Amino acid sequence: MSKIEAFNFAGKRAIVRVDFNVPLNEKFEITDDTRIRAAVPTIKKILKDGGSAIIMSHLGRPKGKVNPDFSLKHIQAHLAKTIGTDVIFAGDCVGPEVKAKAEALKPGQVLLLENLRFYLEEEGKPKLAEGISDEEAKAAKADMKEKQKVFAQALAALADVYVNDAFGTAHRAHASTAVIADYFAADSKMFGFLIESEVSSLDKVVKSPKRPFTAIMGGAKVSSKITIIENMLDKVDNLILGGGMTFTFMKARGGKIGDSICEDEYLELARELEKKAAAKGVKIYMASDVLAADAFDNNANTKVVSAMEIADGWQGLDAGPESLKLFTEVIKNSSTILWNGPVGVFEMDNFAKGSRAVGEAIVEATKKGAFSLIGGGDSVACVNKFGLADGVSYISTAGGALLEYLEGKELPGIKAIRG
Ligand code: AMP
């Protein structure tokens, strides 16, 4: 693979996979253009070098059918404004007309392709008719895999160089995110600036963390975090468990959790995770006291109680003051910090104190030189709500791709380029 910074795009046509899956209102206006702005450095580098850029993305879920509601035409003007250059629209993403438009591109020009997901080949999953046999389904899937290769090859034929800058879809083995890379030589494919910074930030946490390394895992359910917690046990020194999912651990320890959220089918697994942590020398920190409420309501009556002795009719909705003192102390003494999931029902102001305290401690540790990474929709919403975003080292908005990276999985979009 090549490095985008060092690569000279002069005279080259680069096909760039971006994530322009932006929210649109009923008038098809873009309501949040973060993803478009995130792709600007890569596109500008190509144009500045004297190359031309062919931009491709998906938008929504058109499920393999042409649907004007999901047309990338809605993005054309905004993209042009954002990069300060005219953008030519292709009206399709493969075919002779697109090829002609791509070949006619001059240095400095930008061509925006139509939604990749107007073709089932992009995702590579066939629509299976109801009632077909397993054999028929298998054949249809194999047939689609072949069609996906042809589609990826047609995209590849538009350009000299392939750049992937869509980290949000890097966990998918789609035509434009992974398969296409097979049709470029090693020195003609690379990550864009956005993926590069995501991957290098994540690697600071996953591959070479400065110690002590503390992960704070929160959120409603332990079931959605098991694989990450397991993978983190091999890496972290401290694991702070917060939020609703801790009550499954508390109950597994023999605690009385009242009406707190709990997944009874995961009690055994919670015990196993604690045993594994002990065997690996990872310190687990959980709330000793909680702010309990008599209803799941911002205006409910509240009291601070021991996390192991919550009365029936009451539920723990935030970490208590004693727990927060301990959590924030551990965080402030850490050199690498990963935060995924709030430690309370932060959406309700009366139960947001714990998540705010965690965020503030992370900012303080970061000021002292720690590397902090916050990822996963809810923790990002949390730091934004408290205005703390500028104080952390890196915020990842990648969702599924981020979680899979943290789970230790190899992402197809990353592997396709790194090899
Ligand atoms: P997740 O998507 O699994 O990260 O969960 C995030 C959600 O967990 C947020 O909407 C929080 O309100 C919720 N949450 C955090 N702590 C609790 C709690 N103690 N009881 C119920 N829900 C919680």
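The model is predicted.

Start with the charges. Side chains of opposite charge can pair when their charged atoms come close. The structure holds 21 salt bridges. A few of them show what such pairs look like here.

Take Glu122 and Arg17. These two residues form a salt bridge, and their closest N and O atoms are 3.4 Å apart. Where do Glu122 and Arg17 lie? Glu122 belongs to helix 4, which covers residues 120-123. Arg17 belongs to strand 1, residues 13-17. Are Glu122 and Arg17 buried or exposed? Both are buried.

Now move to helix 5, which runs over residues 134-156. Here Lys147 and Asp143 meet through their side chains in a salt bridge, at 3.3 Å from N to O. Both residues sit in this helix. They are four residues apart, about one turn of the helix. Neither side of this pair is buried. Lys147 has a relative accessible area of 39%, so it counts as partly exposed. Asp143 has 40% and is partly exposed too.

Glu407 and Lys409 give another case. Their side chains meet in a salt bridge, with 3.0 Å from N to O. How exposed are the two partners? Glu407 is buried, because its relative accessible area is 17% and buried means under 20%. Lys409 is partly exposed, with a relative accessible area of 41%. Elsewhere, salt bridges also share partners. In this way Asp203, Lys207 and Arg418 are joined into one network.

Next, look at Arg117. This residue sits in the loop between strand 4, residues 110-112, and helix 4. Its relative accessible area is 7%, so Arg117 is buried. Which residues does Arg117 touch? Leaving out residues up to four places away in sequence, the contacts include His58, Gly60, Pro62, Lys63, Gly64 and Lys65. Arg117 also touches Glu122, Glu123, Thr169 and His174. Glu122 is the residue that forms the salt bridge with Arg17.

Turn now to the aromatic rings. A pair of aromatic rings is described by the distance of the centres and the angle of the planes. A search of the whole structure finds four aromatic pairs. One of them joins Tyr119 and Phe151. Their centres are 5.1 Å apart, the angle between the planes is 35°, and the pair is tilted. Tyr119 lies in the loop between strand 4 and helix 4, while Phe151 lies in helix 5. The two are 32 residues apart in sequence, so the pair ties together separate parts. Tyr119 is partly exposed, at 25% relative accessibility. Phe151 is buried, with a relative accessible area of 5%.

Tyr162 and Phe184 form a stacked pair. Why is the pair stacked? The ring centres are 5.9 Å apart and the planes meet at 20°, and planes under 30 degrees apart count as stacked. This pair links distant parts of the chain, 22 residues apart. Tyr162 is in strand 5, residues 161-164. Phe184 is in the loop between strand 5 and strand 6, the latter spanning 189-191. Both Tyr162 and Phe184 are buried.

Lys303 lies over the face of Trp314, at 4.4 Å from the ring centre.

Terms used
Residues numbered from 1 in each chain as written. Predicted model: local features only at pLDDT ≥ 70, side-chain atom pairs only at ≥ 80, totals over all residues. Heavy atoms only, no water. Salt bridge = Lys/Arg side-chain N within 4 Å of Asp/Glu carboxyl O. Buried < 20%, exposed > 50% of the residue type's maximum accessible area, 1.4 Å probe, protein only. Contact = heavy atoms within 4.5 Å. Phe/Tyr/Trp six-rings, centres within 6.5 Å; stacked < 30°, edge-to-face > 60°. Lys NZ or Arg CZ within 6 Å of the ring centre and 35° of its normal.
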